[in-house]
Amino acid sequence: MIHPDWLRWLHWQPSFTRALAGGVLIGTSASLLLGTLGRIAGWSGVVSSLVTPVRGHVAWRVALVVGLLLGGLAAVHFLPGSIPSFAFTPRSAALLVGGGLLVGSGTRIGNGCTSGHGVCGISRGSPRSIVATITFIGTGIATVAVMRALGLLS
Amino acid sequence: MSRRDWLWALVAGLFFGVGLVISGMTDPLRVRAFLDVAAWDPTLMFVMGGAILAHAPVVWLMRRRGRALEGPMHWPTPTRVDARLVGGAALFGVGWGLSGYCPGPALISVLSLSAGAFAFVGAMLLGSRLVARFDPPRA
């Protein structure tokens, strides 16, 4: 369905071509899910289902995760280094655990993340998703600016 | 849920996974560079742009059609822009900036089998669980 040669070709492309191609695939995925099951492709919803299963919402989301992992595995085979791992230091561990807690709780409180609000919601023209997306990009930018000022980015 | 439904979701997940890896979203340093005004890397704007470009026409179509291939549409029901939405999104953004991970790429990143990815995903699941504990899910 996604030809290996095409993936190899992408390997040599500038990053914005890859970003655009990847984005179109993400939009295609969201369209497929909406067109067949009538569902919204949101990963924070998937995470919610994994920790607190609600009847009728689990099976398709598990399938979605299985697909995500298989797709990721296939793509990284042709684009090595795309899923980097980093040295696990006390500092990086603190950032990852703190970040994980905030991402998990924040997306659940705000009912969505980059995919559900940022892609699906904005495509729908939902005022909630537009406000949410502006908010999380805004606080993300502010956070990185503070980290830069504190010398945490090096 | 039928086997066909399951397959549709699997294929959708497959596309999403390939898309995330190709786009660069699975590299936290990239994501952080997108959020860094001092050394801004605008690349990831194209991810969101490409995704919305591909998705918006289908949303329009499905709204007119009113029914998905395998059953009814499940449009999100909340409409109010409230403190809960903004507060949650604000917290998410802080975590996104700190780590460079949002939920989809984080789930993929466990494929790197690195301690950092597992730590992030574990903390993310815990964060979601903690919220559910004080605010039980509604069906």
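How many residues of chain A are in contact with chain B, and how many of chain B with chain A? Select both sides: 102 residues of chain A are in contact with 99 residues of chain B, where contact means that the C-beta atoms of two residues, placed from the backbone, lie within 7 Å. On the chain A side, α2 (15-36), α3 (43-51), α4 (59-78), α5 (90-109), α6 (114-124) and α7 (127-149) each supply at least two residues. The largest share comes from α2(A), with 21 residues. Color that side of chain A by class and you get 59 nonpolar, 37 polar and six charged residues. Here Ala, Val, Leu, Ile, Met, Phe, Trp, Tyr, Cys and Pro count as nonpolar, Asp, Glu, Lys and Arg as charged, and the others, Gly among them, as polar.

**Some housekeeping**

This is a predicted model, in which local features need pLDDT of at least 70 and side-chain atom pairs count only at pLDDT 80 or more, while totals for chains, interfaces and linings use all residues. Residues are numbered from 1 along each chain as its sequence is written, and chains are lettered from A and ligands numbered from 1 in the order in which they are written. The model scores ipTM 0.95 and pTM 0.94. Chain B has a mean pLDDT of 94, with 97% of its residues at 70 or more; pLDDT is the predictor's confidence in each residue, from 0 to 100.

**Each chain by itself**

Show chain A as a cartoon: seven helices and zero strands. Helices (H or I, at least four residues) and strands (E, at least two) are DSSP runs, numbered from the N terminus. The C-alpha atoms of chain A fill a box of roughly 45 × 40 × 30 Å along the principal axes. Of its 154 residues, 54% count as buried. A residue is buried if 20 or more other C-beta atoms lie within 10 Å of its own, exposed if 12 or fewer, and partly exposed in between, with C-beta atoms placed from the backbone.

Now switch to chain B, which has six helices and two strands. From the N terminus on, they run α-α-α-β-β-α-α-α. Its C-alpha box is roughly 45 × 35 × 35 Å, again along the principal axes, and 50% of the 139 residues of chain B are buried.

**Stop: a helix crossing between chains**

Select α3(A) and helix α6 (residues 115-134) of chain B. Their axes come within 9 Å and cross at roughly 75°; these axes are lines fitted to C-alpha atoms, for helices over the stretch in contact, and angles run from 0 to 180 degrees between N-to-C directions. So α3(A) and α6(B) are roughly perpendicular, the word for angles of 65 to 115 degrees. At the crossing, V47(A), S48(A), L50(A) and V51(A) meet M124(B), L125(B), S128(B), R129(B) and A132(B).

**Stop: G27(A)**

Next, pick G27(A), in helix α2 of chain A. With 30 other C-beta atoms within 10 Å, G27(A) is buried. Leaving out residues up to four places away in sequence, G27(A) touches V119(A) and a run of chain B: G50(B), A51(B), I52(B), L53(B), A54(B) and H55(B).

**Stop: α7(A)**

At 1.5 Å a residue, its 23 residues should span 33 Å, and the end C-alpha atoms are 33 Å apart, which agrees; the expected span is 1.5 Å times one less than the number of residues. Buried residues of α7(A) include R128(A), F136(A) and V144(A). What covers the buried residues includes α6 of chain A together with α2 (28-34) and α4 (83-99) of chain B. Just after α7(A), G151(A) takes a positive phi of about 75°.

**Last stop: two loops**

Most residues other than glycine have a negative phi. Select N111(A), in the loop between α5 and α6 of chain A: its phi is positive, near 60°. Then select L113(B), in the loop between α5 (103-109) and α6 of chain B, with phi near 50°. Which of these is buried or exposed? N111(A) is buried, with 22 C-beta neighbours inside 10 Å, whereas L113(B) is exposed, with 10 other C-beta atoms within 10 Å.

Note on methods
Parallel < 35°, antiparallel > 145°, perpendicular 65-115°, else oblique.
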